[in-house]
Amino acid sequence: MDEDHVQRILREAVDVFARETRFDVAFGGLERAGVTMLTAISGAANNANEGVLVRTDQGLGGRALRERRPRIAANYVASRQITHEYDAHIRGERIVGLFAMPVLVDGEARAVLYGGTRGSMMPGTNFARIAAGVARDLSRELSIEDEVARRVEARGGARASDWTSDRSQLLPLPQHLPHFPHLPPATVETLRTVHAGLRGAIAEAPTPRLRERLLDVERQLTGLSAAPLAPGHHARVRVPVQLSPREIDTLTQVALGATNAEIGEMLGLTENTIKSYLNAAMTKLDASTRHAAVSRARSLGFLV
C-alpha cells in the first residue's frame, strides 16, 4: 500500500471534515494493529495531538473504534464514560467537547476522525450526519487502496505505478460507463495524459477556430469512454451538470495525481485559484473529496 498516498487521502478527509462540520479543530489517524497514530490535523493551536498513539482500549476514539460507532463527550475531561490517558493532549488544544467518528471498511474499524470544540456547544445539529458522509467517502478511498495493494501483490509485488497511478478509476461507477474495460491500464493512463495535454492546448489556442477544433477532438476523445447505448435508447442522456473549462482543466490534472501547487504551475495560476476551481467543481459534482470529484466527472463524460 502506498503510505504517502493513504496519508494524503486522510489529510484531505480531515480537511473536509473540519470545513463541513465546522468543529474548531479536527484530526484523525489510521488504525494499525490496535493502535491509531494521529497524523492529520486541521485548526490546531499547537499540534498537541500530532503523532499521538491512541489504543483501541483507551480514550474516546478508542471507544468509537472498539464499538464501531460514533461517540461524543460534551465535557471530555470530566467524562466518566472513557479512560483519560489523553487528557493532557486534549487540554493542550483547549478542547472542551470531543466527537469521534470511526471509519469502517467491510465492517472493520480502519480509521477515526475527531472533531473538537473549544467551547461548551457542539457545531449545530447536523455534524454527526455530515461526519458520517465524510467517513463513508474515506472508507471508499481506503477500500480502493486495499484493491490497489491486492492487484500489486497479484502481479508479483510490482509497484502500483507500474500499472496505474489513478486510484480513482476503481471507484464504483454506473455500469453503463465502463471506461475502457478492455484496454491495458498503461494504455488508459496514456489516454488520460493525452487528455490533460489536450486541455492545456485548448487553453493556449491563439484563435477561436483552432480552439473549437481542439474542443471537437476532445469531445471525441471523452466520447470513447461511453459504452454503447442499451437497446431502445437512441441518445445519450445528459446530466444537468456544467463545469467550466478551468474546472475541467483542474480535474484532468487531479486525475493524474498532481497537487494543487503542481496544477497551478502547469496552468499558470496561483494555488489558491486552483483550490477555488477544485472546490467549485466538487460542489457542482456533489463530491466531498477530489478523488470522488474525478470519478463523478469521468462518469458524466467530462474526463477520459
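Q: What are helices and strands here, and in which loop does Ser79 lie?
A: Helices (H or I, at least four residues) and strands (E, at least two) are DSSP runs, numbered from the N terminus. This is a predicted model, in which local features need pLDDT of at least 70 and side-chain atom pairs count only at pLDDT 80 or more, while totals for chains, interfaces and linings use all residues. Residues are numbered from 1 along each chain as its sequence is written, and side-chain values use heavy atoms, with hydrogens and water left out. Ser79 lies in the loop between strand E4 (71–73) and helix H3 (87–92).

Q: Is Ser79 buried or exposed?
A: Buried means under 20% relative accessible area, exposed over 50%, and partly exposed in between (1.4 Å probe, protein chains only). Because its relative accessibility is 16%, Ser79 counts as buried.

Q: How many residues apart in sequence are the parts that Arg290 and Glu12 tie together?
A: Arg290 forms a salt bridge with Glu12, with the closest N and O atoms 3.4 Å apart, where a salt bridge is a side-chain nitrogen of Lys or Arg within 4 Å of a carboxyl oxygen of Asp or Glu. Arg290 lies in helix H10 (residues 290–299) and Glu12 in helix H1 (residues 3–21), so the parts tied together are 278 residues apart in sequence.
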